[in-house]
Amino acid sequence: MIKTFVKKSHIHNFGIFAGQDIPVGTRIIEYTGELIDKKEEARREKQNEKIGITYIFDVNDRYSIDAAIGGNNSKYINHSCDPNCDAERFKNRVFLYSNKFIPKGNELTVDYAFDSKEPLEVCHCGSPKCRGFINEI
Ligand SMILES: [Zn+2]
């Protein structure tokens, strides 16, 4: 079990941080939550837009995970254009893996890679490699 903790993030709202040094290629945490289909996701995202926060993570063409229900620290993972984690899918489950060495105290990030056809969302990741938007462009 890899130690993580949650605190305010300079990227957005709250973030998940490394509670220990994490070697490259480590399975850090599962993105847990309620498995929902795309129809239910669309319904919930409409609600989430009103409150301005969502914990829904894409799994595959059929399903997504809503970590608002049954989520753990992983639901706070923020986007970066130069992330230190990758989301790996196994059937209907999602795990976060380190793609580089992550020193204790650093924020964990993943590339949300929103579809370029979705409304563009401005990125605040602060990385030198920032592409300006959370979407893939
Ligand atoms: Zn960025």
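Reply: In this predicted model, residues 24 or more positions apart account for 62% of the contacts in the protein chain that have a separation of 6 or more. The chain contains one helix and ten strands, and along the sequence these elements follow the pattern β-β-β-β-α-β-β-β-β-β-β. Its radius of gyration is 14 Å, close to the 14 Å that the globule rule gives for 137 residues, so the chain is as compact as a globular protein of that length. Along the principal axes the C-alpha trace spans about 40 × 30 × 25 Å, and buried residues make up 28% of the 137 residues.

From its first C-alpha to its last, H1 reaches 20 Å with its 14 residues, which is close to the 20 Å expected at 1.5 Å a residue. Just after H1, Gly 52 takes a positive phi of about 75 degrees.

The antiparallel pairing of S4 with strand S6 (residues 63-66) runs over four bridges, and within S6 the bridge partner of Asp 37 is Tyr 63.

A second open sheet, also described by its strand order, is formed by three strands as S3-S9-S8, again with antiparallel pairing. Its edge strands are strand S3 (27-30) and S8, each of which pairs on one side only, and neighbouring strands of this sheet are turned by 30 degrees against each other on average, direction ignored. Three bridges join S3 to S9, and these two strands run antiparallel; Arg 27 stands opposite Tyr 97 in S9.

Between strand S8 (85-90) and strand S9 (93-98) there is a loop that holds Lys 91. Because Lys 91 has 8 C-beta neighbours inside 10 Å, this residue counts as exposed, the cut-off for that class being 12 or fewer. The C-alpha atom of Lys 91 is separated by 11 Å from that of Asp 61, a residue 30 positions away along the chain.

As for annotation, UniProt places the feature "domain: SET" (unreviewed entry) at residues 1-113. Over that stretch the chain is 12% helix and 36% strand, with end C-alpha atoms 27 Å apart. For "domain: Post-SET", likewise from an unreviewed entry, UniProt lists residues 119-135, where the chain is 0% helix and 0% strand and the end C-alpha atoms are 8 Å apart.

Definitions and conventions: Residues are numbered from 1 along each chain as its sequence is written. This is a predicted model: local features need pLDDT of at least 70, side-chain atom pairs count only at pLDDT 80 or more; totals for chains, interfaces and linings use all residues. A residue is buried if 20 or more other C-beta atoms lie within 10 Å of its own, exposed if 12 or fewer, and partly exposed in between; C-beta atoms are placed from the backbone. Two strands pair if DSSP finds at least two bridges between them. UniProt positions are given in the numbering used here, feature names are shortened, and annotations may be inferred rather than shown by experiment. Axes are lines fitted to C-alpha atoms, for helices over the stretch in contact, and angles run from 0 to 180 degrees between N-to-C directions. The expected span of a helix is 1.5 Å times one less than its number of residues. The radius of gyration is taken over C-alpha atoms; the globule rule is 2.2 Å times the number of residues to the power 0.38. Two residues are in contact if their C-beta atoms, placed from the backbone, lie within 7 Å.
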